[in-house]
Amino acid sequence: MTVTPLASTTPRTWTIPAEAVVAAGLALLAFSLGLFGPFFFNDGDTLWHLRAGELMLDQGAVLHTDPFSFSFAGQKWTTHEWLAEVLSALAWRGGGSGGVAALHALAAGLLVLVLIRAAAPGVRTSAWLLALVVAFGCLLPGYLARPHFLVLPLLALWTWALIDARGRGESPPLVLAVVLWLWANLHGSFIFGAALAAFFAFEALVADLPAWRRTVWRWSRFAGACLVAVIATPHLIDGLLFPFQLKQIDNLVKIVEWRPMDWASLQPAHLAVLGLGALLLHPKGRPGFLRLLLLAGLFWMMAQHQRHQMLFAIVGLVVMAEPLARIAQGKFEPRAVFGPALALFLAGAVLLTGVRIATGPAAMPETSTYHPAAIAALPADLRAQPGLNDYGFGGALIFSGVKVFVDSRVDMYGDAFMNPYYAMLADQPGALDAGLARWGFRWAMLFPGEPAVLALQQRGWRVLFQDERAVVLAAP
């Protein structure tokens, strides 16, 4: 008689790689910085983005004209960040400030995981994690609950997918255009993603000139899908043209994030530049001539506008993944790490979000530009009348239901409006009197120390509220 052995009843064990635990821990750290830290709400723009999203939810339609100012009421406004604003409004309604923080903190955590997935197989784990930490430091100046932060994981995914396609000698799959479509509805920086795809298409052409017809055909199909993706927004062609129109505004340089990089004081971006330079000096650390040009272009963009240090850090890290693996060889396998790390991160993020919403404040925290006491000092009868406000207070006033003279939407206001506005604040000869005569201001909310504050007082305006953050005045 033949005895057939019974199948083993020993249960299988599922082991989590130690690297996945570390990766999830880094992602949760980035998540927690936004969820519990003071970073995300240090910008007044967050507040008008929330109100725009709420208005679109209430109306069931995307905004195409300005509903927030009395100076441009009803005039054309391209809400190129409409989807980010709607998502933020949903998060606000679902969890207050904790919901908004969780939404943007989720982007931070996912960015870390995508960058871990973008590591080249066989790199030393410690080397890649160190590079990741340095790159992530470059994000801190822009660590804000604003639409640009939501697209950072898409930027990393887009860059990695393009480089992965190049590594396989193929064009990107057409489905990747969905990422660009989502990006185009979240933030105007999608135009950089399109330019990055064009760069890698050119690289593919140069790399195999004898087969140029096949390369052109493959990448042309992808380019066509991308074109459809960026036009498929509520603004159609206007949405596509918006990034180019924005760059024509001279007053952008007066906004901090659009100013050139400050090289006088040590910042994470400086460490990233030094680290990149050290890699490029190594014989195995050079990624090729065209990609060197790409890195040089990213550095130039960052030097021109400090907001682009995020592009420099994220794209630069993914571009240097393979050279870093050649220098620091190890056994890291990003494909095996990513899945478990993502599961651990999402479980932890859900738990931490519940804690934040249950125990943290639901109201928006006070900041240098959100000053509830100053707004409360403005009588109800004056709120309904035109007032002169510093654009930094624009978001807080919109959030509080007050029609503003100006806010940070310089793309809508334009130079012809912003130049006289800045002249009024600086009390340039005749500017303030001309503004008072044209607009009939009955109140003002300005930052202390602005020349217009003293000039208005000299004209008989009385102070309703004053502290180190704001001055509220009323006309005689």
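**Exercise 1. Pairing in the sheet**

Which residue is the bridge partner of Asn-389 in S2? Then work out how the strands of the sheet are arranged.

*Solution.* The model is a predicted one.

Step 1. Find the partner. Asn-389 has Met-445 as its bridge partner in S2.

Step 2. S1 covers residues 387-389, and S2 covers residues 443-446. They pair in the parallel sense, over three bridges. Another facing pair is Leu-388 and Ala-444, the latter in S2.

Step 3. Move on to S4. S2 and S4 run antiparallel and are joined by four bridges. Met-445 has Val-472 as its bridge partner in S4.

Step 4. A hairpin through four residues links S3 to S4.

Step 5. The four strands make an open sheet, S1-S2-S4-S3, with mixed pairing. S1 and S3 stand at the edges with a single partner strand each, so one side of each has no neighbour in the sheet. On average, neighbouring strands are turned by 15° against each other, direction ignored.

**Exercise 2. The two faces of S2**

Which residues of S2 lie on one side, and which on the other?

*Solution.* 

Step 1. Apply it. Trp-443 and Met-445 are on one side of S2, Ala-444 and Leu-446 on the other.

Step 2. Check burial. All four are buried, and both faces of S2 are covered.

**Exercise 3. A loop residue beside the sheet**

Where does Ala-377 lie, and which residues does it touch?

*Solution.* 

Step 1. Locate the residue. Ala-377 is in the loop between helix H16 (372-376) and helix H17 (380-383).

Step 2. The cut-off for buried is under 20%.

Step 3. List the contacts. Setting aside residues up to four places away in sequence, Ala-377 touches Leu-464 and Phe-465.

Step 4. Look along the chain. Leu-473 is 96 residues from Ala-377, yet their C-alpha atoms are separated by 9.5 Å.

**Exercise 4. Two crossing helices**

At roughly what angle do the axes of H1 and H3 cross?

*Solution.* 

Step 1. Read the geometry. The axes of H1 (residues 18-36) and H3 cross at roughly 150° and come within 7 Å.

Step 2. Name the arrangement. This angle makes H1 roughly antiparallel to H3. The crossing is right-handed.

Step 3. Look at the contact. H1 contributes residues including Ala-23, Leu-26, Ala-30 and Phe-31, and H3 contributes residues including Gly-98, Ala-101, Leu-106 and Val-112.

Step 4. Sort by class. The contact has 14 nonpolar residues, three polar ones and no charged ones.

**Exercise 5. An enclosed helix**

Why is H7 described as largely enclosed by the rest of the structure?

*Solution.* 

Step 1. Count. H7 spans residues 177-186, and seven of its 10 residues are buried, so the rest of the structure largely encloses it.

Step 2. Name them. The buried residues are Ala-177, Val-179, Leu-180, Trp-183, Ala-184, Asn-185 and Leu-186.

Step 3. Find the packing partners. The buried residues of H7 pack against H3, H5, H6, H8 and H9.

Step 4. Follow a loop contact. Thr-233 is in the loop between H9 and H10. Not counting residues up to four places away in sequence, Thr-233 touches Ala-184, Asn-185 and Gly-239. Thr-233 is buried, at 10% relative accessible area.

**Exercise 6. Buried or exposed?**

Is Thr-79 buried or exposed? Which residues are in contact with Thr-79, leaving aside its neighbours within four places in sequence?

*Solution.* 

Step 1. Locate Thr-79. It lies in the loop between H2 (45-59) and H3.

Step 2. Read its area. Thr-79 has a relative accessible area of 1% and is buried.

Step 3. List contacts. Beyond its neighbours within four places in sequence, Thr-79 meets Val-62, Leu-63, Glu-85 and His-235.

**Exercise 7. Positive phi**

What is phi of Leu-236 near, and what is phi of Asp-427 near?

*Solution.* 

Step 1. Take Leu-236, in H10. Its phi is near 50°, positive in a residue other than glycine.

Step 2. Take Asp-427, in the loop between H20 and H21. Its phi is near 55°, again a positive value in a residue other than glycine. Asp-427 is partly exposed, at 31% relative accessible area.

Terms used: Residues numbered from 1 in each chain as written. Predicted model: local features only at pLDDT ≥ 70, side-chain atom pairs only at ≥ 80, totals over all residues. Heavy atoms only, no water. Buried < 20%, exposed > 50% of the residue type's maximum accessible area, 1.4 Å probe, protein only. Contact = heavy atoms within 4.5 Å. Axes fitted to C-alpha atoms, helices over the stretch in contact; angles between N-to-C directions. Parallel < 35°, antiparallel > 145°, perpendicular 65-115°, else oblique. Left-handed = near helix turned anticlockwise from the far one by under 90°. Nonpolar A, V, L, I, M, F, W, Y, C, P; charged D, E, K, R; others polar. Pairing = 2+ DSSP bridges.
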